[in-house]
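Here is a short briefing on one structure. Please keep the sequence and the 3D view open while reading.

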Amino acid sequence: AVFGANEVVYVDLGTSDGLQVGNLLYISRPREATKLSVREDLPLPDVLLGTAVVLESRRTAASALILKALDPIETGDRVRTLVD
């Protein structure tokens, strides 16, 4: 599935992971190495796809509203909070 701004998504993190209502989530995807990469062993930063805010958080899952999507957000993309 593909998601964009103003859509509700569900994440497999919850209160047991420290996620609370109102937390801001950064949505990202691992950056793929290219032929232009200088060193193959050099870790590259993730590609930032957008942001979301947690609407409801249960023990192992939460719902979040996508506030901004710079690129299409897909099932399996990573989420993290500012304190990660």
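Which residue forms a salt bridge with R78? D46 does, with the closest N and O atoms 3.2 Å apart. The pair links distant parts of the chain, 32 residues apart. This is a predicted model: local features need pLDDT of at least 70, side-chain atom pairs count only at pLDDT 80 or more, and totals for chains, interfaces and linings use all residues. Residues are numbered from 1 along each chain as its sequence is written, and side-chain values use heavy atoms, with hydrogens and water left out.

**Salt bridges**

- A salt bridge here is a side-chain nitrogen of Lys or Arg within 4 Å of a carboxyl oxygen of Asp or Glu. The count by this rule is three.
- Side chains of opposite charge can pair when their charged atoms come close.
- D46 sits in the loop between strand 3 and strand 4 (47-57), and R78 sits in strand 7. Strands are DSSP E runs of at least two residues, helices are H or I runs of at least four, and both are numbered from the N terminus.
- D46 is partly exposed at 32% relative accessible area. R78 is also partly exposed, at 44%. The classes are buried (under 20% relative accessible area), exposed (over 50%) and partly exposed (in between), with a 1.4 Å probe and protein chains only.
- D77 and R29 meet through their side chains at 2.8 Å, N to O.
- D77 counts as buried, at 18% relative accessibility. R29 is partly exposed, at 24%.
- E56 pairs with R58 in a salt bridge, with 3.1 Å between the closest N and O atoms. E56 is partly exposed at 38%, whereas R58 is exposed at 58%.

**Strand 2 and its partner**

- Strand 2 has a covered face, V9 and V11, and an uncovered one, V8 and Y10.
- Strand 2 runs antiparallel to strand 5 (residues 62-69), and four bridges join them. Strands pair if DSSP finds at least two bridges between them.
- V8 has L65 of strand 5 as its bridge partner.

**Nonpolar core**

- The largest nonpolar core has twelve residues, among them V9, V11, L25, I27, A52, A64 and I66. Such a core is a set of buried Ala, Val, Leu, Ile, Met, Phe, Trp, Tyr and Cys residues joined through side-chain atoms within 4.5 Å.
- Strands 2, 3, 4 and 5 each give two or more residues to this core.
- Leaving aside neighbours within four places in sequence, A52 is in contact (heavy atoms within 4.5 Å) with residues including L25, I27, A64 and I66.

**Largest pocket**

- The largest pocket holds about 270 Å³ of space. A pocket is an open set of points on a 1 Å grid over the protein atoms alone, where a 1.4 Å probe fits, with protein on both sides within 12 Å along at least five of seven lines.
- Its lining has 16 residues, each with an atom within 4 Å of a point. Y10, V11, E74, G76 and D77 lie nearest the centre.
- Strand 2 gives the most to this lining, with three residues.

**Backbone at N6**

- N6 has a positive phi of about 70 degrees although it is not a glycine.
- N6 lies in the loop between strand 1 (2-3) and strand 2 (8-11). N6 is exposed, at 62% relative accessible area.

Terms used:
Points joined across faces, edges and corners; volume = space filled by probe spheres on them.
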